[in-house]
Amino acid sequence: MTAIKHALQRDIFTPNDERLLGIVNVCKAGKKKKNCFLCATVTTERPVQVKVVKVKKSDKGDFYKRQQTWELRDLTEVDAKDASKENPEFDLHFEKVYRWLASSTAEKNSFISCIWKLNQRYLRKKVEFVNVSSQLLEESVPSGESQSVAGGDEDALDDYQELSTREEQDIESMMEMCEYAISNAEAFAEQLSKELQVLDGANIQSIMASEKQVNILMQLLDEALSEVDTIEGKLSSYEEMLQSVKEQMDQISQSNRLIQISSTNNGKLLDEIQFLVNYMDLSKGHIRALQDGDLTSPKGIEACINASEALLQCMNVALRPGHEKLMAVTQQQLLFAELRDTFARRLTNHLNNVFVHQGHDQSSTLSQHTAELTLPKHSPLHRDLLRYAKLMEWLKNTHREKYEGLSRTYVDYMSRLYEREIKDFFEVAKIKMAGTTKEAKGKFGLHGSSGKLTGSTSSLNKLTVQGSNSRRSQSSSLLDMGNMSASDLDVADRTKFDKIFEQVLSELEPLCLAEQDFISKFFKLQQHPTVAPPLAQPETEESDGGMLSRVPPQAEHRHSLSSEKDMVRLMMNKIFQSIETELNSLIALGDKIDSFNSLYMLVKMSHHVWTAENVDPASYLSTTLGNVLVTVKRNFDKCISGQIRQMEEVKISKKSKVGILPFVTGFEEFAELAETIFRNAERRGDLDKAYVKLIRAVFMNVEKVANESQKTPRDVVMMENFHHIFSTLSRLKISCLDAERREAKHKYTDHLQSYVINSLGQPLEKLNHFFEGVEARVAQGVREEEVSYQLAFNKQELRKVIKEYPGKEVKKGLDNLYKKVDKHLCEEESLLQVVWHSMQDEFIRQYKHFEDLIGRCYPGSGITMEFTIQDMLEYFSSIAQSH
């Protein structure tokens, strides 16, 4: 193994500047044996690199070649397989696990020991050794082959130095000069020693010969030292001079630093003074405007606005630390506070006077608007006051108490003004409403209150809808005032009421919207919902003077409002507190004049509520109209309930025929009127529910009257009234009543058929009884051709019965039947011809049935009826034409 190690060192590692320290003969475990060598090497140059090299003998000769190389720092684990038993197998864990089988356990242990030492020296114990006995790692490597394999101790690694190429050449040339250098090494070493002694003696003599030159050198050194002492003396004097200069420069630097500090302080002081002058100085013009500025002219108001904004800016300036201790700043703040209080007092007094003046000045303007039923416009007042909006915002930010006092004063005086105007306006509206029904009340009474419309279908057909660009007028109806009958007057009254009610709402809506918009702009209440409102209290709480009491803006106040929108709504509630009461009074009057006015009011009020909610769902107008709409809807429901109640109370005459019941025609007229009013209305669902309630009540009460009728047959009452209902629903095409329309048609058809069958049994009574007996015998099991042998139903009996009904008698019986039917039916529905035609079809059906029975039960007898189908058709036709 030593020879192999030297060969590997010479052939493979020396050319690469590497030293071989450990070697082991191995083959891969579990495979066919192909021997190779694992070598542990280090480089000769710094930094040292430690490697594990796999060397394999070449197949084409006796030389070795490097096959694979691993860095020792990549080795993570050495697994010796068994620490207690001798086992030549071991694993090296690089990027993957390599399993090896050593030629002997001693070689394996020697190689692992070498790896352990290299790990301790160069890798600082990075590699992990598994299944390796601690004794192997601690003890020294034994002598002999293992010592040579391991490569010696750690000191040998450092002491050994390889000859350089030049040194090798020198040694070789020296050995070539001596013939016995190789054959007699001792003689060669002795010769070399003698030559070395000769060289040492020559060196000593050369040194002794150069003593004179040494003395000269020492003299030169002494002279140099003296020159150095001279230079040092000069440098010391220079240093003393520079020291005095340094002290002077330090004094100058100190002075410059003090000058710079003073300059910096002066600059900062100038900045502070400039800041105070710029932000806390109010011009004389602004002071003059705040103290004596004109609050009536536009130019004076503009000057006051600019002055108040400048004052607010000066008062709100963020002072720097220490400014408040300056006397000038304190004096300026006192001046600003005095100017603020003075101007706030002037502004408050002026606006108070404006509010009081406007409240008294507008009191006599309504007489100009009485004829055309309009409310006075307050736009001039709003336009004049909006000039002060910015001043009100300033007052709100600086003097909250005076701002709240102004808002209370405005609400107080404007509420009195609006109360007078609205009261007079509604009085005029009531007079006009009452005037529309004066003539009608004198002649015909209050139609709606009696629960029955007196207008006829022909008069209702005169209703037209006037188109308009505004959605507000879509349900407004106009009347063609031609021939003024009682029904025409009724419809005309309702139309006038509709126009008056629409006019009232149309006047109130812009009035409320304009006032709410003014309040938002003038009092600056459209933003900042967290600001406590000045009128934060319940609406019913008032002070002795009728003004809203001021509530402190404490957070714990139970009734404080949370946003400025609530404040606007509260001010509107106070200003227009009479609107809801007056509207309810007007609605009650309209309902008292005619209960059907609730239909008009429901449509109009619903539309205005819908419009107001689209603008602002939480506005005062939307809330108030919504409350009034509840009252209108309640009156509408009361009207429907009244109609149903009057249906149930209807009494019919026992002496005259029934005909079309009053509540059936009443429902028709109600539906026609409602369809005209509710065309394109927003609350169509309310009408549909009312339709369903009314039609079910009509159905129920028609059946009730039919059951109680004594003069007119039940089938006739049901047939005529349900035919009228079916015609009405088909003509009006009310979608929510499609099921009731089909039910009415079904009832009408059933009772028509029942009436025809019951009536036709009388003209041919004996013939009917005879053939009923024949059918009974056949049903009992008698064969049809044997019926003629029955004593009661033989051919002679049949001929006898048939002779009792010649054509003349049949025509006479039909004529009597026609007269009877004519007495039962009313002229309004014109159902006589329909019933007569149905009787003709039924009679022909019975005739064919009788002939069929004769042909089956009396075959070959030659017995026929005394009249033919053609004769019957002529009888029915001539009877209908004669009447």
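1. Lys28 has its place in strand E1 (residues 18-28), strands being DSSP runs (E) of at least two residues and helices runs (H or I) of at least four, both numbered from the N terminus. Lys28 is partly exposed at a relative accessible area of 37%, where buried means under 20%, exposed over 50% and partly exposed in between (1.4 Å probe, protein chains only).

2. This is a predicted model, in which local features need pLDDT of at least 70 and side-chain atom pairs count only at pLDDT 80 or more, while totals for chains, interfaces and linings use all residues. Residues are numbered from 1 along each chain as its sequence is written, and side-chain values use heavy atoms, with hydrogens and water left out.

3. A search of the whole structure finds 30 salt bridges, each a side-chain nitrogen of Lys or Arg within 4 Å of a carboxyl oxygen of Asp or Glu. Asp91 and Arg99 form one of them, at 2.8 Å from N to O; Asp91 is buried at 3%, whereas Arg99 is partly exposed at 47%.

4. Lys430 and Glu582 also meet in a salt bridge, at 3.9 Å from N to O. Lys430 belongs to helix H14 (residues 400-436) and Glu582 to helix H19 (residues 579-593), so this pair ties together parts 152 residues apart in sequence. Lys430 is buried at 16%, and Glu582 is buried at 14%.

5. How many disulfides are there? The count is zero, a disulfide being a pair of cysteine sulfur atoms within 2.5 Å. Cys304 is buried at 0% relative accessible area, and Cys512 is buried at 2%.
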